[in-house]
Number of protein chains: 4
Amino acid sequence: MSKQSALHRQPPRRLSREEKARETRRLLLEAAAEVVGNDGYAEASIAKITQLAGVAQGTFYNYFDSRQDILDKLLPYMGREMLDHIAQSLPRGLAGPAREEARLRAFFDYLDRHPGFYRILYEAEVFAPKAHAEHFRVLVEGYRNALDRAVARGEIAGYDEDELEAVIYVLLAARSYIAMRYARDEKGHAGPVPEHVIKAYMKVLTKGLFS
Amino acid sequence: MSKQSALHRQPPRRLSREEKARETRRLLLEAAAEVVGNDGYAEASIAKITQLAGVAQGTFYNYFDSRQDILDKLLPYMGREMLDHIAQSLPRGLAGPAREEARLRAFFDYLDRHPGFYRILYEAEVFAPKAHAEHFRVLVEGYRNALDRAVARGEIAGYDEDELEAVIYVLLAARSYIAMRYARDEKGHAGPVPEHVIKAYMKVLTKGLFS
Amino acid sequence: MSKQSALHRQPPRRLSREEKARETRRLLLEAAAEVVGNDGYAEASIAKITQLAGVAQGTFYNYFDSRQDILDKLLPYMGREMLDHIAQSLPRGLAGPAREEARLRAFFDYLDRHPGFYRILYEAEVFAPKAHAEHFRVLVEGYRNALDRAVARGEIAGYDEDELEAVIYVLLAARSYIAMRYARDEKGHAGPVPEHVIKAYMKVLTKGLFS
Amino acid sequence: MSKQSALHRQPPRRLSREEKARETRRLLLEAAAEVVGNDGYAEASIAKITQLAGVAQGTFYNYFDSRQDILDKLLPYMGREMLDHIAQSLPRGLAGPAREEARLRAFFDYLDRHPGFYRILYEAEVFAPKAHAEHFRVLVEGYRNALDRAVARGEIAGYDEDELEAVIYVLLAARSYIAMRYARDEKGHAGPVPEHVIKAYMKVLTKGLFS
DNA sequence: TATGAATGAGACTTCATTCAT
DNA sequence: TATGAATGAAGTCTCATTCAT
């Protein structure tokens with residue numbers, strides 16, 4: 001009902017057949033994102049998705065091969081958005097820990113605006129493992145470039161290549177668990193991450209835990 | 001067939017009625033652990049579990065209220081085992097970073113011996129959220145005590161109580177992601193975590209990332 | 001409703017669990033035979049079969065792996081019955097053409113009593129090809145033995161082994177097409193084959209077409 | 001891809017609207033014949049047919065009322081071709097058994113060149129019963145004329161009109177079953193019928209089975 | 001308490017047909 | 001007349017749970 005309205009943007013005057021098709025596809029992906037975000041992959045039935053998208057069940061199969069197919073495409077679809085958001089949010093000129101902090105904040109900011117994304121990302125390891133692996137590949141690669149530049153700038157020292165990769169996993173892990181624990185209020189609704197958590201994270205990165 | 005035999009230990013001569021019942025219950029939990037460890041919660045059907053346990057489907061409901069019920073009890077059942085293992089593995093007298101490193105190694109060691117545990121733990125957030133939350137509560141509490149003692153010993157400084165909790169999440173996160181990435185070989189089989197990964201982890205904890 | 005009554009025989013006082021299971025299986029096969037006989041394999045849905053058998057749809061899958069599975073088992077189930085009927089109907093002591101004529105009549109007699117069998121047999125080539133091939137293998141083998149004995153008795157001469165097999169196919173073909181054309185009245189209901197048809201068949205076998 | 005090319009003949013320079021329509025219709029029929037020949041009626045979806053014909057799904061309904069409609073028209077379309085082939089293949093001046101043998105060979109020859117025809121014909125009894133009946137009516141009528149002439153020439157004697165019809169069914173049956181059994185190699189590909197089979201068939205027709 | 005057959009809701013998917021462009 | 005996206009009915013199959021024995 002009114003739920004749909006969020007997905008249906010104001011349509012431009014005339015849509016060619018092809019545009020309309022693309023739009024339907026987008027509608028289905030957005031609907032799937034919402035359903036998975038709210039109920040999880042396991043509960044994301046074609047019926048729910050198509051109903052939310054406002055199309056018939058059969059229409060679904062004009063755009064995706066199977067239920068698994070759209071689940072596999074969900075994380076790439078959202079993941080690209082997230083990476084774009086982070087890239088665009090990162091102020092120019094930041095370096096060192098400040099740059100890393102900005103990155104973290106941008107991630108949490110995206111999560112705050114797209115409350116379903118955490119679940120889409122987290123459950124993907126179980127329900128869309130290929131997509132999850134690919135998403136991680138991209139994330140790790142991006143991160144590696146960033147850390148390599150930091151090493152080149154002399155901001156990081158004492159870690160060889162392999163160790164840096166392990167560190168990246170630690171950083172991604174921290175992001176994820178912090179989101180899991182702190183990025184929602186008592187009722188489970190999305191919310192901003194408390195400042196002291198970011199502070200703790202930054203302290204670990206700048207001076208370690210054991211002084 | 002022979003799969004069952006692992007679960008069926010040599011039975012003591014005579015089992016009282018109550019003992020037999022406890023034994024059946026244990027059988028079901030072990031079977032569920034194996035099924036979930038191998039196939040995941042989503043694929044863990046009552047049929048599979050009871051077949052592996054060697055009892056009829058109906059028998060299941062004499063011991064658990066529902067499918068969800070046993071799934072909820074799985075992580076506590078296994079989690080206790082893991083914590084015991086870590087506690088028993090920790091050498092006396094270690095302190096500071098060395099103690100933390102030993103804890104980490106003990107965790108990976110448990111994972112290596114119980115390859116299914118990672119999946120039981122990881123997927124629990126999705127399929128047994130209550131149990132997952134409770135497991136985390138216990139983990140965090142134990143960790144907090146450990147860190148508090150480290151603080152008292154002067155090994156850690158500069159973190160207030162709330163920050164320490166955030167750090168704990170970072171530590172647990174790191175464990176988990178490292179396990180996800182490094183605790184299995186190319187074929188997905190369980191294996192030991194490479195030394196350089198543990199080294200990187202320890203470096204972060206002792207001197208931070210940005211020097 | 002009343003349709004079911006035909007399948008449900010008077011039950012013996014007490015059925016053990018296993019007997020009851022066998023009975024349910026029989027019920028399903030009989031129901032499938034009736035449905036396929038009336039509507040054809042293509043229209044034989046699980047819903048129709050289980051409804052006629054008086055069990056829930058899910059029950060079906062306790063006895064057969066799939067829809068195809070029961071379709072594959074239908075012809076063997078009915079075919080055995082038919083062969084038994086022919087074997088029991090054949091009077092002792094007949095030989096030569098008279099024996100062949102008796103065989104033919106027994107076949108048509110079975111068809112008259114089991115009107116659905118023709119369709120089950122005919123459509124099997126399309127919908128249950130394995131079963132159809134196996135059925136033919138059995139038929140041909142039985143026929144070959146019969147013809148070999150006729151050769152041994154001197155009733156047939158001038159055909160080598162390979163030619164005899166081809167003749168068998170001609171005989172089976174004739175049976176089948178005669179059934180298709182003559183074993184039903186104008187309304188498609190089963191009925192006896194006219195005498196002149198059997199006469200023509202026998203004439204061909206005894207003196208050929210071209211005198 | 002290249003599959004279509006077989007159906008699309010070199011088009012004459014300019015097609016009038018009506019010619020183009022006839023051509024599309026022919027394309028659809030040929031495509032249907034290929035699909036049914038390969039996959040059977042049951043698997044002959046509109047999607048497959050139109051794709052092979054190279055037209056949109058909707059276009060189909062400008063030429064045929066329904067899926068069943070084209071299936072009903074398939075056998076008449078192909079059957080006419082087959083009868084023409086047999087008529088043209090029959091050498092002049094043959095009579096008696098030799099003429100019948102030539103007819104049989106012409107039939108198998110057609111089958112060899114149009115491997116899909118057997119399936120179109122055979123399955124038609126199930127999926128296009130009206131067309132099948134009509135096809136048989138035409139076949140029987142043609143055959144009756146031929147046999148009547150043979151009777152008039154004194155080549156056949158001792159069969160009255162009704163019996164002759166039954167014989168015709170036997171002959172058609174033999175054709176069909178021989179095709180089913182012998183007109184394909186081990187892999188199911190079309191192939192010529194072995195000589196000994198034709199010989200056996202002719203022996204039955206000329207001297208009967210029981211000497 | 002153990003058994004295992006029976007249940008039925010609900011999921012995914014296919015596909016002939018319609019219809020606006 | 002051609003297009004191809006949209007439709008929705010209908011079918012197969014799974015599985016947690018119940019219950020009579």
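Contacts and helix packing in a predicted protein–DNA model

Me: What makes a residue one of those that surround DNA strand F?

Reply: A residue is near a strand if its C-beta atom, placed from the backbone, lies within 6 Å of it. By that criterion 34 residues surround DNA strand F, and the closest are G58(A), S66(C), R67(C), A56(D) and G58(D). The model is predicted: local features need pLDDT of at least 70 and side-chain atom pairs count only at pLDDT 80 or more, whereas totals for chains, interfaces and linings use all residues. Residues are numbered from 1 along each chain as its sequence is written, and chains are lettered from A and ligands numbered from 1 in the order in which they are written.

Me: Which elements supply the surface near DNA strand F, and what makes them helices?

Reply: A helix is a DSSP run of H or I with at least four residues, numbered from the N terminus (a strand is a run of E with at least two). The helices that each supply at least two residues are α2 (17-39) and α4 (57-63) of chain A, α3 (46-53) and α4 (57-60) of chain B, α2 (46-53) and α3 (57-63) of chain C, and α2 (17-39) and α4 (57-63) of chain D. Chain A itself has 10 helices and 0 strands.

Me: How is the surface near DNA strand F divided by class?

Reply: It has 12 nonpolar, 18 polar and 4 charged residues, where Ala, Val, Leu, Ile, Met, Phe, Trp, Tyr, Cys and Pro count as nonpolar, Asp, Glu, Lys and Arg as charged, and the others, Gly among them, as polar. The surface near DNA strand E likewise divides into 12 nonpolar, 18 polar and 4 charged residues. Of the 34 residues around DNA strand E, S45(A), G58(A), S66(A), G58(B) and G58(C) come nearest.

Me: Which residues of α2(D) and α3(D) meet?

Reply: L27(D), L28(D), A31(D), A32(D), E34(D) and V35(D) of α2(D) meet K48(D), I49(D), L52(D) and A53(D) of α3(D). This contact holds 8 nonpolar, no polar and 2 charged residues.

Me: How do you know that chains A and B are in contact?

Reply: Two residues are in contact if their C-beta atoms, placed from the backbone, lie within 7 Å. On that basis 39 residues of chain A contact 39 residues of chain B. The largest share of the chain A side, 13 residues, comes from α9(A), and the side as a whole has 23 nonpolar, 8 polar and 8 charged residues.

Me: What makes up the contact between chains D and C?

Reply: This contact takes 40 residues from chain D and 40 residues from chain C. α9(D) gives the most to the chain D side, with 13 residues. That side has 23 nonpolar, 8 polar and 9 charged residues.

Me: Where do the domains of chain A lie in its sequence?

Reply: Domain 1 covers 2-64 and domain 2 covers 69-207, with bounds from an automatic or database domain assignment. Their C-alpha centres lie 28 Å apart. The contact takes 11 residues from domain 1 and 14 residues from domain 2 of chain A.
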